[in-house]
Amino acid sequence: MTIKIIAFEVDNTLWSGILDERKIGKGRNAASNVEDNLECDRALWYYRANGGHDKSRPIIDLVTYDQVGVGKSFTRLDSAGCSMTTRQPTNCRPSVRYKRGAKYLTMRWCCQSKVRVTPADLCIDQIFFDSNPSSKYIREKLGIRFELVNKQSGVTWDVYQRALERDSSGTDNSRYDTPFCTSLSSAELDNTDSYTPDGQPDLGKLLGEGKFAKAYDAAGDPEAVIKVMKSWTTELRRRFLEIYAIIKDGHPFKPGNSNNDQYLLMIALELRNLYMVGQLKAPKPEDFSGWFSMMKVGGTPLWKTPLYRKHPFSVTFQRLIKTACHLTVDEIEDYVKKYGVEHRDAHLANVHFTMQDNQPVKAYLLDWGIAVRMRYDREKYIRGDDVLVWQKSEAGQKYSPEEFRRYWITWMVTTEYEANIRRGSITERDGREFLKDLDWWFLRSI
Ligand SMILES: Nc1ncnc2c1ncn2[C@@H]1O[C@H](COP(=O)(O)OP(=O)(O)OP(=O)(O)O)[C@@H](O)[C@H]1O
């Protein structure tokens, strides 16, 4: 969709501060009547900008079709069509043609007055720049894309270009790249504290980072964690949406050797899985633009608890790990039964625990990037045919509950002891010898 109208609030957005009708009449060029200085779009003639070739020109001169509302109206610049008239100074009402008998939306637009417009009369393909967060609801009411501008910096060339570039691919990107105004529920939209002026989520403390993403606390929401992909670009979106649509519908997607497809499938799986288990907060996967927020999982990582520091062959360490593994399998099973998703990366760094008397009593699974569809038919756990990236998918495998538990306990204990071998806490030989017989680990009782 090509953007046809670019609309700006002026106060604190195009210029700093608020145009004060009672003061603008002062100064060398002021007319004796204050009102004369304010006629229509005069302020925009006084306000000059570099119009190319180092020539300063009135900013309004740079606009092809302008529609300027003063004081109690709104300002629209750079209009390339719609029902706008050219160079016709207006106040609020004539600025949008409206029909008798149509249902009107009444809204406060930029300034104090109520302006009545109909969605039909406004072209949907518009961007509106404003530093006032409360204007964000125009997105909901009119489908107009809203770009919240930082009051301190105003609309810089960068902010302007970035907003327009997001739409230059010819697709309806306007729905996707502005998480602030497009992807969130009304309640989230109201919580403007969580988002920075340019529409990105407001990040809190860095929790950790992997090869592809960084995880942060959400500054405005103690119950959310935000993951920001390190190498996301807008150009990837079209392909991402294709891949997401496939796996969302329950079909496997095979990424082959394409690095891009592998990367996108990894993201798509994480979003789909989080969505399935009800932990995705924003955006809707279809609106993904390089970040997402998810529910913050409670509990403590096991490595932060005192007993974890014991030697890997000590009884206290093994009891701790065994309890943790069984609690984790409980969770994996629970998610399969409730949501039809099997977490397939449940090593102990991806699980938090509630602790009691130094022992874990409840597990919480993190990191749903490696997880596949699975169902339980009351006899067997049956793995779906999702394709995993960089890992065997083992599609169609069936397990009785006992086999399933053994499968996971074996995987977890092996992963944990291999990590201890890598860390040098135990020797390779001792570790391998130890992993030959895991019978004690399968029995839940200590
Ligand atoms: N939903 C969550 N709730 C609480 N903490 C989380 C959540 N997601 C991630 N974290 C924390 O952020 C850290 C980094 O998470 P993330 O999943 O991005 O990285 P990773 O697992 O280290 O790397 P990779 O993405 O390569 O698996 C985790 O170790 C965990 O402590």
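Reader: Among contacts in the chain between residues at least 6 apart in sequence, how many join residues at least 24 apart?

Author: Good place to start, and keep in mind that this is a predicted model. Of the contacts between residues at least 6 apart in sequence, 51% link residues at least 24 apart.

Reader: And what is the chain built from, in helices and strands?

Author: You can count 12 helices and 21 strands here. As for burial, a residue is buried if 20 or more other C-beta atoms lie within 10 Å of its own. In this chain of 446 residues, 34% are buried.

Reader: How do I read a sheet? Say, in which order do β15, β17 and β18 come?

Author: Go across the sheet, strand by strand. This one is open, has three strands in the order β15-β17-β18, and its pairing is antiparallel. Now look at the pairing of β17 (residues 351–356) with β18: it is antiparallel and runs over six bridges. Met355, for instance, sits opposite Pro360 in β18.

Reader: Which helix packs on that sheet?

Author: That's α9 (residues 315–339), which touches β17 and β18. The direction of α9 makes about 35° with that of β18.

Reader: Okay, now the ligand. Which residues come nearest?

Author: There are 13 residues around the ligand, and Leu207, Gly208, Gly210, Ala215 and Val297 come nearest. The elements giving two or more residues to this shell are β10 (203–209), β11 (213–218) and β12 (221–229). Sorted by class, the shell holds seven nonpolar, two polar and four charged residues.

Key:
Residues are numbered from 1 along each chain as its sequence is written. This is a predicted model: local features need pLDDT of at least 70, side-chain atom pairs count only at pLDDT 80 or more; totals for chains, interfaces and linings use all residues. A residue is near a molecule or strand if its C-beta atom, placed from the backbone, lies within 6 Å of it. Helices (H or I, at least four residues) and strands (E, at least two) are DSSP runs, numbered from the N terminus. Ala, Val, Leu, Ile, Met, Phe, Trp, Tyr, Cys and Pro count as nonpolar, Asp, Glu, Lys and Arg as charged, and the others, Gly among them, as polar. A residue is buried if 20 or more other C-beta atoms lie within 10 Å of its own, exposed if 12 or fewer, and partly exposed in between; C-beta atoms are placed from the backbone. Two residues are in contact if their C-beta atoms, placed from the backbone, lie within 7 Å. Two strands pair if DSSP finds at least two bridges between them. Axes are lines fitted to C-alpha atoms, for helices over the stretch in contact, and angles run from 0 to 180 degrees between N-to-C directions.
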